[in-house]
Every structure is written in structure tokens, then in C-alpha cells.
Amino acid sequence: MPASRVSLNSRLHSEEEGLSIKEKTKHVLKMYDVGSKYSDLTLPRASVLVPLLIKNEELHVLLTVRSMKLLSSRGEVCFPGGKQDMRDRSEIETALREAQEEIGLPPAQVEVICKLVPIINKDDILVTPVVAFIGDTFNPQPNADEVSDVFILPLYHFLKSEDHSSTPLDAGMLLHFFTFKDRQLNKSFTIWGLTAQICIIVAFLALGQNPLFKVDFDIDDPFASMVKYLMAKYATSKL
């Protein structure tokens, strides 16, 4: 990864005004694709799909709410995703399979952009965010056994200070919380934890704007911060 990544990212956002929102976003996010770089880490694996779409000329992201029928994290907001299956040949296949199972999203309708630096969750599972574009006409068909709601919101929501709060964790990390009122569903949702962390990172990278609140990564070199946190957590994980 080039040392000039951040300055290049800034130039792309300022100089490529002729590109569509989608093409500009793809161009920027592809710089952060990790490929197979962390395939040697010996931890259980999972993937989440971060589905982006364009609505009213603005980047949005799709999120789901876990069914109350599930044994863990019931009622929590998350991305489509889950643990790697024996049949999955890659993190991307895991994300696509889970999205199809959970919300009826056909893999053929997903344009994968990149895999971001993985994150080790509280259960010591290596979670890879797979960022992709989906069509704005996609009509979710949630699997009621796994998903109770599907909603979309502007990606910029995760850079605003309104409807945001945080609490400190160990080693200088922050636990972020966002609230969102969905007028169409007439429901309020709380996005927090790992899901909120991924949303902040993707919004910062894709939109090229700084969060209007304190964050726990280096604004000037987010990639290095993500790698540093990954490797520090990996060194203390249960191998």
C-alpha cells in the first residue's frame, strides 16, 4: 500500500468531479483493498457485506436487524453476513452467500469493490468487511428466521455529530453509537459496536470527509491504524 494513499485519496475526491458518484467511490475504495494479505491469520473467520447504493444522488448503505428468534445478538443492527462455511472459497463468497440467505440478494446483482482490513470481534472471530454496490431497485426478501428488518440510510449519517455518542474502551478505542429514525418504517434503530465502526470507516474513505466527532483511528493514515489495531488484537487473541 503506497505511503501517499491518504493524499491520493484526497486528490481523487477533489479532481475526479467528472466521474459519477459510483465510479468515484469505486476508484477510491479500491485503493484500500487488502486482497489475500491476511489469509495467514489463524482465527475463525466471518465476512459481512457492506452494500452501498445510490439514492437521490447520494451514497446510502443497507443494514439489517437480527431476528429475535436468534440465540445471539438478537434485535441488533448489523450487515448481512456470518461465519465462513466449509464450502466458501473466500471471504467474498461467504459475504455473498450470507446476503442471499438473509435478504434474498442474488450474488449476480452485487458488484464487489474491495475487502477492507479485517477486524477481530469480541468472540475472537476475524471479520472481513466486503464493500460492494447493489442496485437502488433491489427489493429485500428477509429470511424471517434471521432478519426482522432491512433499511437504508445515507452514508453521511456516520460522519455527523448529531445522533452520535461514544464511550471509551481499553487501549484508547471507542465504542460508537448512532441512532436513526426511519420514516418509511416508522421505527428508530441504534447502530453500534462493530457495525458502527465499519460504517464510520467506509463513510470516511468513500466520502473523503472527516467525522465530526472524535475517532480512534488516525485521520491522516487510516489504513495504518486499522492494521495496527488488527495486529495488536491478534497478538492477544485466543489462538
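How many aromatic pairs does the structure hold? In this predicted model, the structure holds 6 aromatic pairs. One of them joins phenylalanine 151 and phenylalanine 189. The ring centres lie 4.0 Å apart and the planes meet at 0°, so this pair is stacked. Phenylalanine 151 is buried, at a relative accessible area of 2%. Phenylalanine 189 also counts as buried, at 7% relative accessibility.

An edge-to-face pair is formed by phenylalanine 158 and phenylalanine 178. The distance is 4.9 Å centre to centre, with 80° between the planes. Phenylalanine 158 sits in the loop between S8 and strand S9 (164–168), and phenylalanine 178 in strand S10 (residues 174–182). The pair therefore ties together parts 20 residues apart in sequence. Both phenylalanine 158 and phenylalanine 178 are buried. Ring pairs also link Phe151, Phe180 and Phe189 into a cluster.

The cysteines were examined next. A disulfide requires sulfur atoms within 2.5 Å, and the count comes to 0 disulfides. Cysteine 78 is in no disulfide. Its nearest cysteine sulfur, that of cysteine 199, is 11 Å away. Cysteine 78 counts as buried, at 14% relative accessibility. For cysteine 114, the closest cysteine sulfur is in cysteine 199, at 14 Å, so the separation is too far for a bond. Cysteine 114 is buried as well, with a relative accessible area of 1%.

Conventions. Residues numbered from 1 in each chain as written. Predicted model: local features only at pLDDT ≥ 70, side-chain atom pairs only at ≥ 80, totals over all residues. Heavy atoms only, no water. Buried < 20%, exposed > 50% of the residue type's maximum accessible area, 1.4 Å probe, protein only. Phe/Tyr/Trp six-rings, centres within 6.5 Å; stacked < 30°, edge-to-face > 60°. Helix = DSSP H or I, 4+ residues; strand = E, 2+ residues; numbered from the N terminus.
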